[in-house]
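Please read it alongside the sequence and the model.

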Number of protein chains: 2
Amino acid sequence: MGRPNGLSSPGSRPGVWNDGPVTETQPLADRSPDELAAFLTEQRAAYDALKGRGLKLDLTRGKPAPAQLDLSDALLALPASYTDANGVDTRNYGGLEGIKEIREMFAELLWVEPEQVVAGGNASLVMMRDVLTDLWLKGAVDGERPWSQEEKVTFICPVPGYDRHFTLLDWFGIDTVTVPMNDDGPDAEAVAALVASDPSIKGMWIVPTYANPSGSVCSQEVAARLASMPTAAPDFKIFWDNAYAFHHLTEDEAKSADILTLASAAGHPHRPIMFASTSKITYAGAGVAFLAASVENVQWYLKHLGAGAIGPDKVNQLRHAQFFGSPQGVRDHMVKHREIIWPKFEAVQSVLDSRLGGLGVAEWTKPTGGYFVSLDVLDGAATRVVQLAKEAGIALTPAGASFPGGNDPRDRNIRLAPTFPELDAVTEAMDAVATCVLLAAAEQLTA
Amino acid sequence: MGRPNGLSSPGSRPGVWNDGPVTETQPLADRSPDELAAFLTEQRAAYDALKGRGLKLDLTRGKPAPAQLDLSDALLALPASYTDANGVDTRNYGGLEGIKEIREMFAELLWVEPEQVVAGGNASLVMMRDVLTDLWLKGAVDGERPWSQEEKVTFICPVPGYDRHFTLLDWFGIDTVTVPMNDDGPDAEAVAALVASDPSIKGMWIVPTYANPSGSVCSQEVAARLASMPTAAPDFKIFWDNAYAFHHLTEDEAKSADILTLASAAGHPHRPIMFASTSKITYAGAGVAFLAASVENVQWYLKHLGAGAIGPDKVNQLRHAQFFGSPQGVRDHMVKHREIIWPKFEAVQSVLDSRLGGLGVAEWTKPTGGYFVSLDVLDGAATRVVQLAKEAGIALTPAGASFPGGNDPRDRNIRLAPTFPELDAVTEAMDAVATCVLLAAAEQLTA
């Protein structure tokens with residue numbers, strides 16, 4: 001394992017991250033047995049001291065901090081009126097596709113036409129489940145039969161990835177096959193090879209912008225390859241979960257690849273279904289979710305939705321439209337989030353650099369957006385690190401959570417979510433994590 | 001067909017409805033051919049005059065009027081805070097089951113325990129679809145297999161009933177069998193006979209209180225029979241859609257039968273699943289929906305919900321809890337609705353009594369709650385009445401809409417929804433409907 005660095009590989013994006021301190025530290029792997037034994041003793045002492053502090057800290061979930069939620073508290077007294085831009089009384093029934101102005105606003109932000117956008121309830125995850133239900137029971141616009149009538153349905157999951165995506169597949173009994181998540185997005189050649197010959201492969205997940213948890217951004221080239229690759233399944237679907245499209249951590253703002261245009265140009269207009277939401281823009285529990293796709297996909301979605309729904313909460317959509325004012329209002333709002341969470345990400349990097357730099361026991365990402373840092377420890381050590389952290393009062397996402405079935409074959413990945421705790425707690429928790437990483441490494445190298 | 005009267009049969013509930021005027025009118029069926037020919041000529045002239053007026057009126061859907069929605073406009077500036085009774089920040093993720101205070105409030109109103117209640121999003125219809133999806137793909141807590149693995153699944157539909165219930169069944173490919181909806185609820189003996197021997201019959205719909213469209217109220221006796229009847233399917237489910245539980249039109253407030261207690265006492269605790277919402281209490285499009293059932297059913301529902309959802313809009317739940325203040329606040333609020341819509345229902349009765357009374361060409365209900373009047377015209381005449389009305393500018397719910405597949409075997413039922421239009425428009429529209437009923441009857445009796 002080389003020098004800890006999330007930005008060293010080709011294709012990574014420039015940020016404002018400074019390099020870590022140039023340490024004179026000798027990598028653990030180069031040390032003598034005696035040196036390692038001494039190091040283990042040191043780390044045991046450090047860990048015992050850590051336990052003695054009785055911490056209670058949590059780095060598990062990607063939740064906005066109260067200070068971030070406060071940014072949107074004007075919502076609590078909105079909307080100032082109840083009629084939308086079409087003159088519709090948002091208080092009453094109807095309007096399955098969502099209100100005009102919020103669809104227009106997010107169409108512009110997502111680079112699609114308003115008729116390609118559905119504005120829904122408070123959760124894009126629910127829209128993903130609805131789409132899977134419709135595919136499962138009714139089949140795709142370009143499909144031959146409902147997916148439930150296939151002998152087997154498989155999804156490609158770039159890893160590390162988002163645990164709730166995998167849970168949803170598991171609920172439907174959909175199989176998974178993994179591909180590596182690189183700095184420029186999923187390993188497109190691996191994906192293309194899989195889909196070319198196996199008609200049971202019906203879809204793939206991707207968080208294209210500031211991926212959960214790696215922070216990587218899907219490049220235009222990778223997106224184009226995914227959009228155009230031949231697939232054995234005629235109704236192959238890309239679940240393009242653009243949850244962090246506007247969630248920049250630096251001034252180097254990543255542009256999401258325009259997957260709908262790319263797919264349309266490649267002759268596969270119905271392949272991508274995009275999801276987004278304001279969950280990490282306004283309120284995590286009370287935002288507005290969006291689906292964007294080809295007009296045919298949108299009509300297909302609305303037809304099935306209409307069998308069991310009358311309309312979304314249009315008042316909340318209007319509340320959001322009035323709060324933002326314009327697409328630029330959304331972008332401006334995101335800058336305020338950045339100001340709150342950037343120092344927390346900086347703290348993560350600072351602690352990891354100073355505590356683990358040069359030792360060859362961990363690598364981690366330096367994301368320029370999103371909600372996570374992905375930490376890779378020594379192979380086989382992740383479960384041990386999480387266990388040590390738990391015993392010291394630090395809750396970490398379970399090892400393996402970023403892999404389907406919770407199974408990280410190398411048992412090395414840990415997802416760090418620094419947004420929710422206060423800055424001091426992030427620093428304290430990361431310092432504790434570093435202690436656990438070092439102890440686990442020392443244990444392993446002396447075993 | 002006897003004297004028009006929705007209250008004449010045993011088991012109907014007393015209201016404050018006056019009897020219609022005692023007319024000296026001779027029933028059409030008793031008139032001579034010459035008299036009928038003259039009557040037809042008269043009705044044709046009346047209808048031509050009606051058409052000449054160029055009306056544009058709508059009695060189609062059970063939507064609250066703007067004046068009713070105005071009653072809840074304090075919601076627009078709520079909640080006044082964002083922390084629930086458990087100290088949870090409602091703005092953030094989580095809380096799949098809904099917030100404490102709204103569950104407690106509606107548990108009291110629905111006579112169940114808080115742990116038996118889930119507070120969801122803005123639509124009980126979506127919760128019904130979710131429950132059907134879970135039953136279809138996963139099976140019931142008391143089931144042997146997912147319903148999708150059964151050779152055939154059938155639902156009992158009391159008719160006339162709610163068209164969206166039937167649409168949902170059709171979406172899943174569930175068969176339907178109808179039973180009559182009587183003044184005291186579904187024909188329980190007919191239901192009991194069907195479920196006793198046919199294991200494909202997995203469920204039934206019922207709107208127990210002020211049914212859509214008949215307005216009838218399910219009696220304690222009928223509910224007890226449904227709760228206790230032996231069923232060939234071990235996982236038979238009653239979809240108890242209590243959409244109008246608190247929607248009284250008179251001071252004679254119907255009490256919903258306590259189906260969960262009845263079913264539990266009869267040894268079938270998991271049989272009923274109750275649905276309710278504030279859609280016709282606060283905002284039709286932005287209310288809070290509820291599911292209530294046995295604790296096992298609630299846990300089953302939440303387990304499946306959790307595979308594709310993080311939590312409902314808790315801010316909107318808190319907004320509602322603060323708006324109502326208490327269960328009594330809900331009841332008090334409903335009185336204000338009554339004051340707005342009672343005159344509209346009175347107008348419907350007044351026009352029908354004065355225009356159609358004594359002629360033997362129609363019967364209609366005199367509901368003491370809910371949103372609809374169910375009008376039965378001469379057998380075979382409903383489609384013609386709706387067509388005549390349409391040509392005169394009056395939109396009526398399509399004939400047959402209250403029957404599965406839109407198929408009213410006697411083609412006689414028309415659902416009238418008087419809440420949305422202004423009072424004058426209701427009177428005008430009903431006068432037009434009466435003209436159409438009379439013309440269709442004259443046409444039929446002279447054919």
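In chain A, helix α12 (residues 382-391) lies across strands β11 and β13, at about 45 degrees to β13(A). Helices (H or I, at least four residues) and strands (E, at least two) are DSSP runs, numbered from the N terminus. The model is predicted: local features need pLDDT of at least 70 and side-chain atom pairs count only at pLDDT 80 or more, while totals for chains, interfaces and linings use all residues. Residues are numbered from 1 along each chain as its sequence is written, chains are lettered from A and ligands numbered from 1 in the order in which they are written, and side-chain values use heavy atoms, with hydrogens and water left out.

**Sheet in chain A**

- The open sheet has 3 strands in the order β10-β11-β13, with antiparallel pairing; two strands pair if DSSP finds at least two bridges between them.
- Its edge strands, β10 (362-364) and β13 (413-416), each pair on one side only.
- On average, neighbouring strands of the sheet are turned by 20 degrees against each other, direction ignored.
- Strand β11 (residues 373-377) and β13(A) pair in the antiparallel sense over 4 bridges, and L375(A) has I414(A) as its bridge partner in β13(A).

**Helix packing**

Axes are lines fitted to C-alpha atoms, for helices over the stretch in contact (heavy atoms within 4.5 Å), and angles run from 0 to 180 degrees between N-to-C directions.

- In chain B, the axes of α12 (residues 382-391) and α13 (residues 423-446) come within 9 Å and cross at roughly 130 degrees.
- α12(B) and α13(B) are therefore oblique to each other (angles under 35 degrees count as roughly parallel, over 145 as roughly antiparallel, 65 to 115 as roughly perpendicular and the rest as oblique).
- The residues of this contact of α12(B) with α13(B) divide into 7 nonpolar, no polar and 2 charged (Ala, Val, Leu, Ile, Met, Phe, Trp, Tyr, Cys and Pro count as nonpolar, Asp, Glu, Lys and Arg as charged, and the others, Gly among them, as polar).
- In chain A, α1 (residues 33-52) and α13 (residues 423-446) pack at about 145 degrees, with their axes 9 Å apart.
- The contact of α1(A) with α13(A) has 13 nonpolar, 3 polar and 2 charged residues.

**Relation of the chains**
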